[in-house]
Structure formats: structure tokens, C-alpha cells
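Hello,

The structure we spoke about is below. My notes follow it.

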2 protein chains.
Amino acid sequence: MFKILRVNMTDLSVKAEDVPEEYQGLGGRGLTSAIVAKEVEPTCSPIGTNNKLIFAPGLLGGTNCANSGRISVGAKSPLTGGIKEANSGGQAGQYLAKLGISAIVVEGMAQDDMLHKLFVSKEKCELLPADELKGMGNYATVERLKDEYGLDVAFVSIGQAGEWKMGAATVAFTDKELRPTRHAGRGGLGAVMGSKGLKAIIIDPSEGEAAPLVDREAFKEAAKRFAKALQEHPVTSEGLTTYGTAVLINVINEAGALPTRNFSNGRFEGADKVGGETLNKITAERKGDPSHGCMTGCIIRCSGTFLDSKGNHVSKWPEYETIWAWGPNCEIDDLEAIARIDRACDDIGVDTIETGAAVAVAMEGGVKEFGDAAGAEELIAEIGEGTPLGRILGSGAGVTGKTFGVRRVPVVKNQALPAYDPRAVKGVGVTYATSPMGGDHTAGYAVATNIMKIGGDVHPLRTESQAKLSKDLQVTTAVIDTAGLCLFVAFPMLDIPDAFTAMVDMLNAKYGLSMTGDDIGALGQKVLEMETDFNRRAGFGRADDRLPEFFRTEKLPPHNVVFDVPDDHLDSVLKFD
Amino acid sequence: MFKILRVNMTDLSVKAEDVPEEYQGLGGRGLTSAIVAKEVEPTCSPIGTNNKLIFAPGLLGGTNCANSGRISVGAKSPLTGGIKEANSGGQAGQYLAKLGISAIVVEGMAQDDMLHKLFVSKEKCELLPADELKGMGNYATVERLKDEYGLDVAFVSIGQAGEWKMGAATVAFTDKELRPTRHAGRGGLGAVMGSKGLKAIIIDPSEGEAAPLVDREAFKEAAKRFAKALQEHPVTSEGLTTYGTAVLINVINEAGALPTRNFSNGRFEGADKVGGETLNKITAERKGDPSHGCMTGCIIRCSGTFLDSKGNHVSKWPEYETIWAWGPNCEIDDLEAIARIDRACDDIGVDTIETGAAVAVAMEGGVKEFGDAAGAEELIAEIGEGTPLGRILGSGAGVTGKTFGVRRVPVVKNQALPAYDPRAVKGVGVTYATSPMGGDHTAGYAVATNIMKIGGDVHPLRTESQAKLSKDLQVTTAVIDTAGLCLFVAFPMLDIPDAFTAMVDMLNAKYGLSMTGDDIGALGQKVLEMETDFNRRAGFGRADDRLPEFFRTEKLPPHNVVFDVPDDHLDSVLKFD
């Protein structure tokens with residue numbers, strides 16, 4: 001029987017309860033958002049006792065469906081002030097599902113400055129003092145926990161940034177090698193964890209079992225079809241597998257949409273030096289692993305290991321958005337420095353997108369020169385030290401812009417826009433503007449259809465059809481995030497109809513349901529409606545669904561385009577009849 | 001004939017135009033808000049080329065009506081993101097009115113980092129380079145301008161904070177002694193001026209004339225009645241005149257509503273040491289001036305000069321809210337230090353309320369100890385130096401709270417709440433929550449009726465009638481701000497019916513109108529409606545009209561009360577039928 005674990009940081013109690021009826025049929029983002037929408041007062045302080053931090057594996061978690069091990073983290077966001085879900089790879093999702101835990105809901109707030117850790121196993125769930133971990137980065141935290149709990153567990157933790165309640169603070173999840181390289185990165189969820197005094201979670205999956213399946217045979221058959229689609233589609237079987245997400249650097253640069261020098265150009269001269277092809281090449285030279293899954297059950301394997309020139313491990317392969325944020329966006333073309341920064345971000349526990357964007361804004365404010373890789377490494381060190389400058393940058397691009405009086409601040413709902421300039425990929429611009437999550441590419445990845453021509457072809461520079469494209473993608477993404485699937489399954493789903501059908505069939509087979517494709521669409525829509533309603537109650541108005549002014553007034557080279565999707569198109573996106 | 005001066009910082013042109021019909025009948029806040037509401041795109045960057053900065057004397061400016069020389073400054077606020085009007089004493093208001101200038105509208109943005117100054121006289125209005133003033137505080141700026149323009153002018157300027165576009169940056173106005181002690185303090189309007197590259201305005205009133213009066217005799221008679229009311233009411237003829245606004249320290253402390261230690265207590269042990277009685281006493285001992293008007297035509301004279309123990313001029317008398325912000329709110333009871341900080345704030349050009357509130361939040365975040373006066377002086381110095389820590393504090397309490405992960409952050413619409421705890425003076429709490437200006441006591445000063453029993457008696461701790469009280473005061477205040485009157489005329493107006501009638505009579509006599517009291521109410525309502533509509537278009541929702549959570553959940557000693565005015569009361573305040 002699936003349970004919700006209620007962890008009360010005020011009285012340090014841990015209680016399991018049956019999943020209430022209203023939350024049944026939900027998992028992942030659907031469940032975290034439902035709990036936030038129902039149980040969290042929208043005007044509460046995001047770092048106060050009345051916010052709740054929720055961890056939930058997806059509906060397909062705990063099965064052998066390919067790429068189904070994502071874990072969603074939800075809360076009211078300290079960064080945006082709205083609802084937030086961020087999901088991550090690593091082992092935690094599968095382990096929780098196998099322990100029969102639908103969600104961990106962390107409530108209340110430690111009554112003193114003491115830190116605690118949560119131990120979760122089949123036998124026992126308890127909060128334990130963890131002051132010995134105070135001030136530690138994620139790497140040191142995990143090393144310490146490994147000594148205590150061994151290697152057959154998964155760790156969830158926050159670094160210094162989470163303890164300091166920074167707006168860019170992440171929640172870290174260990175990968176298969178027990179490195180804290182996987183993060184629920186966006187929206188400052190690590191600050192919520194820190195505010196509650198929860199430093200780490202240890203998940204011991206022993207005695208856990210594969211999730212029960214109502215129709216085992218049907219599930220097996222559908223899972224096979226689903227995996228086949230992933231293995232057939234060129235993006236999930238070749239592009240991502242060989243070059244990682246950084247395969248996009250040259251693609252997006254070619255499209256004139258790679259935000260360079262704090263969103264003032266769409267092309268970066270040094271793109272090739274930091275692209276996926278280079279990443280693959282130097283990894284091969286250094287005998288690193290160029291094709292690695294971030295979680296058990298992944299068949300895309302877009303990650304890799306980044307070794308330095310002496311063959312020592314530096315980090316996992318930095319993601320495309322990480323390379324962009326600290327690379328082109330800061331006019332830095334030094335991949336070695338970017339990999340070191342990636343590790344530092346993972347260690348301190350800050351979102352690479354938000355902090356890279358903040359550093360570019362600070363560079364525009366005169367704090368460092370654009371292109372100064374050593375300067376960027378100094379800045380990430382300042383974040384880790386918690387100096388005033390580090391605190392500014394760790395609070396994100398919005399606060400950095402205010403602090404240094406910078407006008408070109410690329411945020412929506414105070415969350416930094418990622419690695420696709422919305423003027424040159426207008427579909428994703430619509431997603432940035434309208435997603436209840438704030439500036440976020442994953443919420444409706446229109447780059448696929450605008451640039452990669454996956455799921456059709458909507459010209460990236462025209463305004464027509466972008467709202468419809470973003471809307472459809474946002475609905476589908478809400479479902480994928482609810483199922484606990486890696487977002488990259490969307491690529492085959494958009495091109496191979498049976499991939500979508502196979503997902504529906506798996507859900508039906510697991511839960512003994514008979515949902516249609518329309519029911520699935522309604523589920524995605526329901527999730528988005530809960531989220532937008534929360535944001536409305538938190539004070540968001542229509543004008544919060546807009547891009548910053550400079551995207552509408554400053555032309556982006558090389559196409560010399562502005563973002564000109566009309567406001568009424570934007571307002572149509574999350575309206576459902 | 002009255003003119004609007006259009007100052008274009010992009011092409012450096014200055015043009016006079018007739019007042020368009022839609023702006024006729026408006027002055028002061030009514031005019032600045034009308035221009036912002038009509039001409040500024042609500043989602044524009046407040047520090048970008050499309051914001052406008054407007055200076056406007058009130059409808060009674062340029063006359064010999066007592067206390068009618070206030071000047072309003074308006075723009076989209078860099079601090080709140082909403083519409084903003086802040087008004088100031090000093091000589092500029094009367095001078096502009098006497099030059100026949102209804103408003104100066106500063107538009108565009110300098111195309112480089114050059115600074116300019118605007119010279120305004122009957123003969124000529126022009127923009128001149130002012131790079132020689134770069135990086136100077138207001139005191140040094142004014143000294144330099146005095147050398148060039150002499151003593152028979154008024155200066156308007158920004159300090160370093162304005163140049164750096166800080167959220168707490170003010171616009172400074174010189175007083176009768178040509179000291180930059182009068183500020184349009186709230187909402188970061190100095191940052192708007194700085195963003196446009198306008199360092200100073202020099203207003204030469206020579207050849208200016210008293211404002212024309214349609215019915216001179218009727219005006220004279222009404223002005224006399226108005227002055228009589230001011231001279232009769234004990235607050236405007238005794239309390240403020242003798243002890244300055246700091247007369248309130250002991251009054252509000254006694255009421256248990258003096259926010260202490262970052263809004264965690266309503267009583268401050270050291271209150272008497274920093275109160276108006278002490279201020280008066282040491283000023284007398286040091287042969288300072290204890291009763292001084294901040295502008296010609298003032299008969300209340302609530303200001304004074306603060307001398308140090310050797311008799312050297314330090315600052316004007318720090319206002320009640322200044323003393324509170326850096327005193328009780330930081331648990332500092334050192335009046336000498338507070339006076340030095342007051343001068344430093346005037347010099348750097350930062351709002352004493354916003355920065356004092358920010359420092360208290362920083363103290364809660366562990367940056368300094370509460371009660372550390374020397375530490376507070378170090379912090380104001382950091383603001384003036386523009387260090388990262390100084391930039392944080394100069395960006396206001398909201399940014400400071402985010403940066404240091406502090407939960408108790410007393411802001412509404414990101415503007416710091418002033419010196420009256422809303423839990424113990426619930427009427428002003430309603431004003432804080434609902435005013436389109438953000439947390440602001442002057443927008444509807446319910447303290448008068450809650451605590452001083454002026455204009456009736458509404459119990460400060462009860463929830464009933466507070467919404468109605470705040471609404472009526474907000475409407476009246478919008479009129480007073482539109483007329484260019486000092487807000488303190490509200491005290492006699494609330495108690496002596498003829499004071500209000502005299503104001504209406506003066507407006508009618510000056511403009512040849514026949515407005516009734518109801519018409520005046522409609523005018524105030526119209527101003528508020530323009531403002532709230534702008535904010536709605538800028539993205540504000542209902543939940544933005546709420547106090548921070550901790551006021552609703554943490555009990556304030558000594559009365560142990562929370563802010564419990566129901567949301568529907570708050571939502572009723574700015575709804576007009």
C-alpha cells in the first residue's frame with residue numbers, strides 16, 4: 001500500500017498516512033503541486049514554518065519502464081514566490097517508489113538552528129540530529145553519510161546555499177556512483193529544505209519491491225514498445241547519447257539563438273570550443289565515460305564523466321544549460337573552467353542556470369569583465385564562502401540586477417531564463433512568459449518544434465502558432481513530470497505516436513485503469529490549473545506572464561528580431577475551456 | 001500660462017508645451033500619477049528609457065497659502081514595480097509654480113554614461129553636461145552648484161545611490177539654507193533620475209511671479225482661515241513645533257506600537273533617549289534652532305537643526321521615522337549616531353526608512369548585532385562606498401531579506417513598512433497593505449485617529465472600522481498631495497471642519513471653480529483609481545494587498561496582538577462605487 005510520509009520538523013515526528021482520496025491517481029509533479037495548492041497558504045513566507053517541501057516519485061516510478069525514475073520536488077518557491085516543481089534524476093525516485101512511498105511531505109520548521117537528517121527505510125523512518133554536517137558542501141556531506149550508511153542507499157542533501165536559504169539553492173540527489181550531481185535545480189527549493197533545518201535524507205531501499213502492477217503482461221508489452229521508440233528516435237539514441245545535452249551548443253548557435261553576453265547576441269564566437277562535440281572528443285582522449293545514465297533504467301545515457309587533463313574526475317558532463325550559463329552567456333569559452341564551476345555549483349548546491357545568469361548580469365554591472373573565466377571561478381567561490389557578493393549572486397539574477405542597477409535582467413517571475421533566446425525561438429519565449437514555474441525551458445520545450453523540427457515545424461521567428469505549440473507542450477510536459485519520466489522521452493513521443501500510446505498503456509496496466517489519450521491531456525491540464533490558481537492566489541497578475549521589456553525592444557543579432565508574440569496570445573496559453 | 005516642460009535625455013532637448021486638457025485641474029501627485037498612468041507602459045523597466053520621471057508642484061503651489069510648497073515626484077518605482085509618488089519640502093515646489101511650470105517630465109535615457117544637469121529659469125531651460133558631479137554626494141553636489149549658480153536658486157539632486165540606481169535612492173531638494181535635507185524618499189525615485197543620467201536640476205526663480213488668482217480677495221480670506229486652523233490645532237501649533245515629528249517616539253512607544261528589533265516588539269527601552277523631548281532639550285543646550293520650517297510659507301515649523309556637542313551643524317532634526325528606523329528598529333539609543341546617519345543618508349541620497357529597515361533585517365541575518373550603533377555607522381558608510389554589502393542594503397529591506405535568508409522582512413509591495421507596527425495600529429496596517437504606493441504611512445495616516453484621537457476615535461487594536469478609516473484617509477491624502485500641501489494640515493482638517501472648507505475655497509478662488517466637498521472627494525478617488533489601475537496593469541494582484549505573513553502569525557508584545565483585519569476588509573478599501 002502506498003503511503004505519504006509526513007515529516008514534522010517542529011516536533012520532529014515522522015508519520016505515515018494512507019494517500020488521501022484527493023491525491024490518488026497523482027504522482028511526481030501532479031502530486032507535489034496538488035499538495036502545495038491544497039495545503040500551503042499562497043501568501044506564506046516561502047522560508048517559514050507554513051511552507052511545505054514535498055518529494056514525490058512519478059506514477060511510473062518503481063517499475064522497469066525506461067527512464068521512469070525522476071523525482072519531483074515541490075513547494076512555494078523562495079525565488080518566484082509562486083508554486084514550484086523541479087525534478088531530478090538520480091536514484092531517489094526509484095527507491096522511494098519501491099519503498100511504497102508516494103510522497104514525503106516536510107512540514108514545520110526546526111525550533112532552533114539545529115540541523116537534522118531524515119532516514120527512510122522499509123523498517124523505520126526517523127529524524128536524527130545532523131549538526132555534524134553544518135556548513136558542508138554536498139560532496140563532503142555525501143562522503144560523511146557514506147561512512148555512516150554505506151553504499152547501497154541514495155542521498156538527498158543541500159549544500160551551504162540551502163542552509164543559507166539562497167534563492168538559487170538546489171536539492172541534490174546522488175547518482176548511481178553516489179555523487180551529488182543530480183539536482184532539483186530551479187526555484188530555490190534547497191532554501192526551503194534549509195529553512196526547515198533538514199540537511200539530508202538517506203533512502204535505504206533494501207526490502208523495497210518493484211511497484212505492483214495490476215496487469216503485469218500488458219505493462220511488460222507496453223514498456224517494450226516504449227523502450228523501442230526511445231531506441232529508434234535519433235535524438236534519444238544518437239544525439240544525446242553521444243554528445244550529451246551539449247549537442248545543442250552548436251545547433252542553437254547556428255540558429256542564432258544562443259544567448260551571448262547576457263542576452264545581447266544570439267551567436268557566440270567560441271561556441272565550438274564548449275560544444276558537445278568537443279566534450280565528447282576530450283572525454284574520449286582522457287578515457288572518460290562519454291555515455292552514462294544518471295539513474296538506473298536510463299537508456300538514453302546523455303551524461304558522461306568529465307576528467308581533467310590528468311584523468312582526475314571533475315564533474316559529470318556539464319549540461320547544455322550549464323555550459324551556456326557560464327560559457328556563452330558570460331563570453332567564456334573555457335570548457336575546463338566550466339566543468340570546475342559545474343562541480344562547485346553541485347557542491348555548494350546552487351542552480352547553474354540561475355547563478356550563471358546572475359554572474360552575467362553582474363558582469364554587465366561591472367563586477368567582472370565578460371570573458372573572464374578566472375573571474376567567474378572567483379565568483380562561484382564567493383558564493384561558496386557566503387560573502388556579501390556571493391550572497392547576491394546566490395540569490396539569483398533578479399536580485400543581482402537590482403543590486404547592481406542593471407537594466408537587462410533576463411528573468412520571468414524572478415527566475416532566470418535559460419539557454420534559448422526567446423526572440424529567436426519564440427515558442428519557448430511563450431513558455432518562459434506563461435509557465436507557472438517562471439522562466440523555464442523544460443515546462444514546454446518548444447525548441448524541439450521550432451529548431452529541431454520534432455513534432456512538426458513551427459518557424460522559430462514567426463509569432464503564429466507559438467501559443468498553441470507552447471500550450472500543447474506544457475500540457476504534455478505536466479503529464480511526463482507526473483509520470484516521473486525523463487523529459488527527453490518527449491522527443492520520441494512527438495514523432496512516434498506509439499510512444500505516447502505506450503505510456504498510456506503502461507499507466508493503465510499499472511493501475512488497472514482505462515484512460516484514453518484525452519484523459520491524459522485532462523490530467524496535464526488539471527495540474528496546470530492547480531498551479532496557475534495557486535499563483536493567482538499568491539498575487540500574480542496577467543502582466544507577470546510577460547517577458548522583460550528589453551526582449552520586446554532590443555533587437556537580437558544575427559536575425560535582428562524582437563519578441564513580438566502579442567499579449568493576447570500569451571494570455572490564451574493557460575486558459576482551458 | 002502654465003506649461004509642461006518635456007526634458008528628453010536621449011536627444012538632450014527641452015521643450016515647453018501647453019498643459020493638455022486631460023491633465024488640467026491636476027497638480028502634485030494627481031498630475032504625476034496621471035502622467036505615469038497615461039504615458040508609461042506598466043511593464044517597462046523602471047530604470048530604462050521608457051520610464052518617465054515627473055516633478056510637479058501642487059495645485060496651491062506658488063500662492064501664499066500656508067504650507068503649500070510641497071513638490072511631488074512620480075514614476076514607475078524601481079523598488080515596488082508599481083506607480084510611485086513621493087513628495088518633499090524645500091524650495092523647489094514654490095519656485096517651479098512661480099515660474100509657471102506645472103510639471104517637468106524627464107523622458108528617455110542618456111545614450112552614454114554622461115551625466116547632465118537641467119537649468120530651469122524664466123528665460124531659458126536647458127540641459128548641460130555635468131560629469132564634474134559624478135560620484136558626488138548631495139552635499140558636495142550642492143556646494144559645487146552654489147559656486148556656479150549662487151544662492152538665490154533651488155537645487156534638486158541625487159547622490160551616489162541615485163547614480164548607482166539603488167532601490168532606496170532618493171531625490172534631494174534643498175531647504176531654505178540650501179542644504180539637501182529634503183527628500184522625495186520612498187520608492188527609489190533617485191534611481192530613476194540616475195538611470196536617465198540626470199544628476200541635478202537648478203531652479204532659478206528670478207522673474208517668477210506669484211501664481212495668478214481668479215478671485216484674489218476670496219483666496220486671501222480663505223487662506224487666512226486655513227492658517228488660523230493650523231495655528232489653533234495643538235498638533236500643528238505645539239507638538240510638532242516644539243518637539244518635531246520625533247514627538248511621536250514616546251507616544252507610539254507608550255501605545256506599544258513602536259517597532260523594535262526588526263518588528264519583534266512594540267516597546268523600546270531606550271525610547272526616551274531618542275525622543276522629541278530629548279531632541280528639543282539638547283538642541284536648546286547647544287543653541288540650535290528647535291523650530292524651523294523646511295520651506296518658505298511653513299507655519300508649523302516641525303524641523304530644527306541638530307548640532308553636535310561642539311555646536312557644529314550635523315543635520316536637520318532627524319524625522320520620527322528616521323530615528324525609529326535606525327534607533328528602536330535596530331535597538332540603538334544613540335541620538336548623536338542617528339543624527340550622523342541622517343546626514344549620511346541625505347548625502348548619499350538614500351531613504352532613511354528603507355535603509356534603516358534593511359539594516360535591521362541584516363542584523364537579524366547576523367551581519368551586525370542589534371544595538372551596535374558603530375556597526376550601523378559602518379553599514380551606512382558601506383552604502384556610500386558602494387561595496388557589495390552596501391549595494392544590498394541600498395537596495396532595500398526586501399533585497400536584504402532575500403540575500404541573507406531572513407524570514408521576518410517587513411515590506412509590502414517590496415517597500416519597507418515605517419515606524420508604526422501594524423499589529424498595534426491596525427488602521428495604518430490597512431494603509432500599508434492597500435496603498436498603491438506600497439508600505440507607506442503617509443498614504444493614509446490612521447495613526448491620527450487610532451492613537452492621537454484626531455478626527456474621531458477608532459480603537460487601534462480592533463479590526464472594525466479600520467478599512468473605512470484608511471479608505472477615507474487615503475482619499476483625503478490624495479487630495480492634499482495633489483494640492484501640494486504639507487500632510488500635517490490633515491491634523492487640523494480632521495478636527496476643524498473649516499480647515500477643509502478653506503482648502504476647497506482656496507482651490508475655487510484660485511481657479512475660478514465652484515467645487516464642493518464631494519467634488520474634492522471625487523478628485524482624490526480619481527487619483528487612487530489611476531494608481532491602482534496602473535498597478536493592476538503592472539501585474540499586481542489582490543494578494544499583493546496583504547501584510548507579510550509574520551504580522552498575521554507572530555504576536556507583538558506588549559499587547560500580544562496579530563494583524564487580523566480580514567482580507568475582505570482589505571479588498572474593500574480601494575473599491576469605489
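Chain A splits into domain 1 (3-203) and domain 2 (246-421); the bounds come from an automatic or database domain assignment. This is a predicted model: local features need pLDDT of at least 70, side-chain atom pairs count only at pLDDT 80 or more, and totals for chains, interfaces and linings use all residues. Residues are numbered from 1 along each chain as its sequence is written, while chains are lettered from A and ligands numbered from 1 in the order in which they are written.

The C-alpha centres of the two domains of chain A are 25 Å apart. Their contact takes 37 residues from domain 1 and 29 residues from domain 2 (contact: C-beta atoms, placed from the backbone, within 7 Å). On the domain 1 side, H4(A) gives the largest share, three residues (helices are DSSP runs of H or I, at least four residues, numbered from the N terminus). That side has 11 nonpolar, 22 polar and four charged residues. Nonpolar means Ala, Val, Leu, Ile, Met, Phe, Trp, Tyr, Cys and Pro; charged means Asp, Glu, Lys and Arg; the others, Gly among them, are polar.

Next, a helix pair. H11 (335-348) and H13 (373-385) of chain A pack at about 5 degrees, axes 10 Å apart (axes are lines fitted to C-alpha atoms over the stretch in contact; angles run from 0 to 180 degrees between N-to-C directions). H11(A) is therefore roughly parallel to H13(A) (under 35 degrees). Their contact has nine nonpolar, one polar and two charged residues.

Finally, the chains. 35 residues of chain B contact 35 residues of chain A. H14(B) gives the most to the chain B side, four residues.

Best wishes

Notes
Contact = placed C-beta atoms within 7 Å. Helix = DSSP H or I, 4+ residues; strand = E, 2+ residues; numbered from the N terminus. Parallel < 35°, antiparallel > 145°, perpendicular 65-115°, else oblique.
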